[in-house]
Amino acid sequence: MTEYNPFPAPSRDLCGAMHVHRRLLNESMTYRAQRARIENRALQYETGRRASVRSGVVAIPVVVHVVHNPGTPAQNIGEAQIRSQIDVLNRDFRAANPDVSRVPDVWKPLVADIEVEFALATVDPHGAPTDGIVRVETDRTGFDSHDGVKAASSGGADPWPSDQYLNLWVCQLGDGLLGYAQFPGGPPQTDGVVILHSAFGTTGTAAAPYNGGRTATHEIGHWLDLFHIWGDDDGACSNGDRVADTPNQADSNTGKPAFPHVTCNNGPNGDMFMNYMDYVDDDCMFMFTNGQRARINACLEGTRASFLVAHQAAPAAPAAPAAAPAPAPATRPAEAAGAQGFVAQDGDVERLLHDTERLTREALTDLHDVLDLVGHRFGG
């Protein structure tokens with residue numbers, strides 16, 4: 001007898017990030033200009049013309065917007081399911097996941113600790129204590145990749161400031177979507193990641209084969225500027241993910257491929273289908289590469305520098321008002337980073353101030369160049 005599954009997995013593993021990317025490229029000259037600058041910077045990091053200056057682990061505060069229809073109570077996922085997802089992210093982005101041992105020997109030297117951790121926010125945008133979880137009822141039966149879930153006016157939940165928090169929306173998605181993300185450089189009011197509730201975390205409504213929390217790992221990879229490993233060229237073998245140490249491959253892999261799987265004349269080792277940026281089942285993806293880490297560093301020191309600046313500039317033990325209650329003991333790796341998830345890495349105040357000034361100056365230069373390009377485009 002077949003056991004009834006109330007949360008069936010989508011018929012195919014589909015990420016909508018590239019749909020969003022192409023839509024924004026068509027709609028926004030500003031986004032196109034931003035993406036050109038982002039790619040130029042990433043290339044400098046990949047080729048070694050520019051070196052990363054960040055040190056230590058950066059902890060990113062997360063807010064999870066649970067957008068649920070009361071008619072389907074399962075959509076209102078529990079705290080345990082949410083925390084299970086944060087745990088997966090902190091293992092995957094630190095190369096601390098036990099299944100990393102399954103990486104083929106030829107690629108083991110490429111496995112990268114991204115040195116990014118995530119913590120549910122403990123302070124909201126108004127400075128009030130929070131558990132980092134927002135629950136919003138909706139009359140919508142589902143959402144798609146057109147960002148309706150990201151605004152209260154369209155039945156979703158408004159984001160928290162996207163330069164201070166990683167916004168995760170968890171909801172019912174249609175069209176076979178497991179999730180989607182917005183690449184760096186897009187509108188702040190839609191910046192973040194959307195995940196199907198039954199592909200989020202490892203417990204509760206999470207359904208096999210997407211119950212390993214890897215959909216969020218994949219989508220946050222996009223949020224940190226990683227492309228799909230096959231380059232989204234419909235099997236032409238003419239495009240890649242702009243990372244040198246990930247072999248070019250013809251198309252996405254799904255299910256549980258056997259190593260080696262050769263395409264695009266990439267033998268003898270074939271596709272790196274166990275990379276988080278492919279489409280295989282959750283229990284078959286378990287690595288980022290050094291090249292992907294370099295691209296993420298370019299993002300964190302460029303478009304998403306607000307997280308790194310706050311991380312570097314925050315005092316190790318911020319003074320609290322006399323009436324403020326003592327913070328709860330930290331129990332997770334990233335929670336030890338403080339109320340917003342940030343912590344200073346050392347006591348060299350002069351270096352921290354110098355790095356903060358440099359990153360701010362670079363962000364202002366990027367903004368000036370984008371405005372100048374858009375002004376020329378429209379005859380300004």
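Asp 147 is buried in this predicted model, with a relative accessibility of 11%. Its salt-bridge partner is Lys 150, with the closest N and O atoms 3.0 Å apart. Lys 150 also counts as buried, at 2% relative accessibility. The model contains 18 salt bridges.

**Salt bridge between Asp 191 and Arg 304**
- The side chains of Asp 191 and Arg 304 form a salt bridge with an N to O distance of 2.8 Å.
- Asp 191 lies in the loop between strand S6 (177–181) and strand S7 (193–196), and Arg 304 in the loop between helix H5 (290–300) and helix H6 (305–313), so the pair ties together parts 113 residues apart in sequence.
- Asp 191 is buried at 7% relative accessible area, and Arg 304 is buried at 5% relative accessibility.

**Salt bridge between Asp 113 and Arg 94**
- Asp 113 pairs with Arg 94, the closest N and O atoms being 2.8 Å apart.
- Both residues sit in the loop between helix H3 (79–92) and strand S3 (116–120), 19 residues apart.
- Asp 113 is partly exposed, with a relative accessible area of 25%, and Arg 94 is partly exposed at 23% relative accessibility.

**Packing of helices H1 and H2**
- Helix H1 (residues 17–27) packs against helix H2 (residues 29–46) at an angle of about 115°, and the axes are 5 Å apart.
- From H1, His 21, Leu 24, Leu 25 and Glu 27 meet Met 29, Tyr 31, Arg 32 and Arg 35 of H2.
- The residues of this contact comprise 4 nonpolar, 1 polar and 3 charged.

Definitions and conventions: Residues are numbered from 1 along each chain as its sequence is written. This is a predicted model: local features need pLDDT of at least 70, side-chain atom pairs count only at pLDDT 80 or more; totals for chains, interfaces and linings use all residues. Side-chain values use heavy atoms; hydrogens and water are left out. Axes are lines fitted to C-alpha atoms, for helices over the stretch in contact, and angles run from 0 to 180 degrees between N-to-C directions. Helices (H or I, at least four residues) and strands (E, at least two) are DSSP runs, numbered from the N terminus. Contact means heavy atoms within 4.5 Å. Ala, Val, Leu, Ile, Met, Phe, Trp, Tyr, Cys and Pro count as nonpolar, Asp, Glu, Lys and Arg as charged, and the others, Gly among them, as polar. A salt bridge is a side-chain nitrogen of Lys or Arg within 4 Å of a carboxyl oxygen of Asp or Glu. Buried means under 20% relative accessible area, exposed over 50%, partly exposed in between (1.4 Å probe, protein chains only).
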